[in-house]
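Let's take a walk through this structure together. Have the picture open beside you and follow along as the pieces come up.

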Amino acid sequence: MSEASVIHDIGYQRYEGPRLGRGAVFNSLYVHGLRAAYGFGRSAKAKIFPWLVFGIVSLVAVILAAVRAQTGLLPLNYIQFADAMSWLIIFFVAIVAPELVSRDMRAGVLPLYFSRPLRAADYVGAKVAAMVTAVWALLAVPQFIMFLGAAFTAKHGMSDVWKELGDLLPAWGYSLLWALLFTSIGLLIASLTGKRAFAAGGIVAVFLMTTPVVGVLSILRSTDAQELAGLASPMTLVSGVGQWLVPDANTGLFIGRFGPVYLIEAITLIAGCLLLLLARYRKVASL
Amino acid sequence: MTQGLTKTYGGRVTALDNLTVDVEPGIVGLVGANGAGKSTFIKIMLGLIAPTSGTVRVFDLDPTVQPDQVRNRVGYMPEHDALPPDVSAAEFVTHLGRISGLPRTAARERASEALRHVGLYEERYRQIGGYSTGMKQRVKLAQALVHDPDLLLLDEPTNGLDPAGRDAMLALVHRIGTEFGISVVTCSHLLGEVEQICDSLVAIEGGKLLRADRISNMTEVSDVLAVEVSEGTQELADALEKLDLPVRVDGRVLLVPLEREDTYDRILRAVADLDLPLHRLDQRRHRVAELFAPREKADV
């Protein structure tokens, strides 16, 4: 205390410069969240897990690209790649969501935010946008690596590259769906607790516990039940939507004629989680 | 600044009860026991919660209607811990400056400056987790200053500080109010603290206004002389009474109102005449606490 007690006597300067509006504030909170997701501006410890996951996912992509270049075989297409990485995505979400949300709650920073011209909707919006970008990048960058690998080893010049791009773009959209769904669920769970470990555990638990439900449903005798089984878990839900929208993705999930049901559930789930998240912060903001 | 303010929680708990108070610019002390409604009052001024009835005006703005404009001009220092441990103070205050709408470079400059004003310039790149309570309080004050507000709302700024830290914090608040040209509302449950630095006082109890006035009005006619002698207190009291001085015995101390210019001399002479060992003779300003509790000190 005492060593900090020296108050330097220099005059106070009033600030006459511009004050930016809500858009700029939203943007700076978004960038801050995106940086925090990958541990920038944090200690080295905070960088380990996000970059470990990112490294593994990228490594897999590099290997896939190399295998394809050498042998011409395609072990996983772009969409199958995203599905195959699902557990790593969950791991990533379980680390990043508490980092973005629980941390503020734990440290009690929220009153400092909400005593500024920042609405609950801005806060939630910026955090969701930051995390969607972070999760999307986790899939999209490796997918792009795979694309580059394919493009540089293309045998028939530009036409192959265009065809490859035609595969990549829907896959990027598919990754966005992954990001949206997993972000909204992850942030909602993380916003309920200030304890990072609880939040991470809760997120993993939700995804972990829904998987066996799909397994049980998919061995029922009714074909309808088998085809609807994927609805029970967020992971198979995303796969189902992908299977319906990109039929040659071969996700290995049989959805029959229920494709629209998958899409509707995915959208409802995302919207519902985001609304709950907003409601949660409306309440927290007034505390 | 506020009028007829009532805030009830859940229809049962009344935090503020028909509070009407008008505060002038300057340093205002908001005093009341724990649970008197100080924090509720501040939150309503920030537009964080809406009053159940009544209106609030902050700089002629209604925080329930224009919260952004109000919050742009107000800095808030909360009572509780509000700092993440794993970032440096400079980084954190810069970030909050940007959330207040400052451009990137301006936020960085003003964060350094705010931290320098609170006396944390050297330590600003250290992580907040390693700070002492006093330093954390200073960071909280710096983040309230970073966007150059016209009004600071400080909720228990001396909470958890040792006496030296307390004095330093109070001096800092006083400096902000007088030299920086920023109005301050500082709330505390310790009257003795705020009366040292405030221009005016607002006392609330159970959500009701107890008294609001300028400190100078409250202490104007209340100077007393405290006389303490090592022995013969009663003799001296009798002697002073014979001199038509209204003496009041307060333990071992005699309190004499300083009504006339020669009161001082007359007391000294009385002590000398009785040949008593004078221990102490000093002028004591009435503590504002006594004004807030007129029932107990009605005889003054």
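## Two helices side by side

Helix 4 of chain A and helix 6 of chain A run roughly antiparallel to each other. That label follows from the angle, because anything over 145 degrees counts as roughly antiparallel, and the axes of these two helices cross at roughly 155°. To find the pair, look for residues 86–107 (helix 4 of chain A) and residues 120–152 (helix 6 of chain A), whose axes come within 11 Å. The crossing of the two is right-handed.

Who does the touching? On helix 4 of chain A, the contact uses Ile89(A), Phe92(A), Val93(A), Val96(A), Ala97(A), Leu100(A) and Val101(A). Helix 6 of chain A answers with Lys127(A), Ala130(A), Met131(A), Ala134(A), Val135(A) and Leu138(A). Sorted by class, this contact has 12 nonpolar residues, no polar ones and one charged residue.

Keep in mind that this is a predicted model.

| Chain | Residues | Buried residues |
|---|---|---|
| Chain A | 287 residues | 40% |
| Chain B | 300 residues | 43% |

What about contacts that reach along the sequence? Take contacts between residues at least 6 apart in sequence: in chain A, 74% of them join residues at least 24 apart. For chain B, 67% of such contacts join residues at least 24 apart.

Chain B also comes with a domain assignment: domain 1 covers 2–218 and domain 2 covers 223–284. Taken over C-alpha atoms, the centres of domain 1 of chain B and domain 2 of chain B are 43 Å apart.

## Where the chains meet

How many residues of chain B are in contact with chain A? There are 47 residues of chain B, and they touch 38 residues of chain A. On the chain B side, the elements giving two or more residues are helix 2 (67–72), helix 3 (89–99), helix 4 (104–117), helix 5 (133–145) and helix 6 (163–178) of chain B. By class, the residues on that side of chain B split into 22 nonpolar, 11 polar and 14 charged.

Definitions and conventions:
Residues numbered from 1 in each chain as written. Chains lettered and ligands numbered in written order. Predicted model: local features only at pLDDT ≥ 70, side-chain atom pairs only at ≥ 80, totals over all residues. Axes fitted to C-alpha atoms, helices over the stretch in contact; angles between N-to-C directions. Helix = DSSP H or I, 4+ residues; strand = E, 2+ residues; numbered from the N terminus. Parallel < 35°, antiparallel > 145°, perpendicular 65-115°, else oblique. Left-handed = near helix turned anticlockwise from the far one by under 90°. Contact = placed C-beta atoms within 7 Å. Nonpolar A, V, L, I, M, F, W, Y, C, P; charged D, E, K, R; others polar. Domains from an automatic or database assignment. Buried ≥ 20, exposed ≤ 12 C-beta atoms within 10 Å, placed from the backbone.
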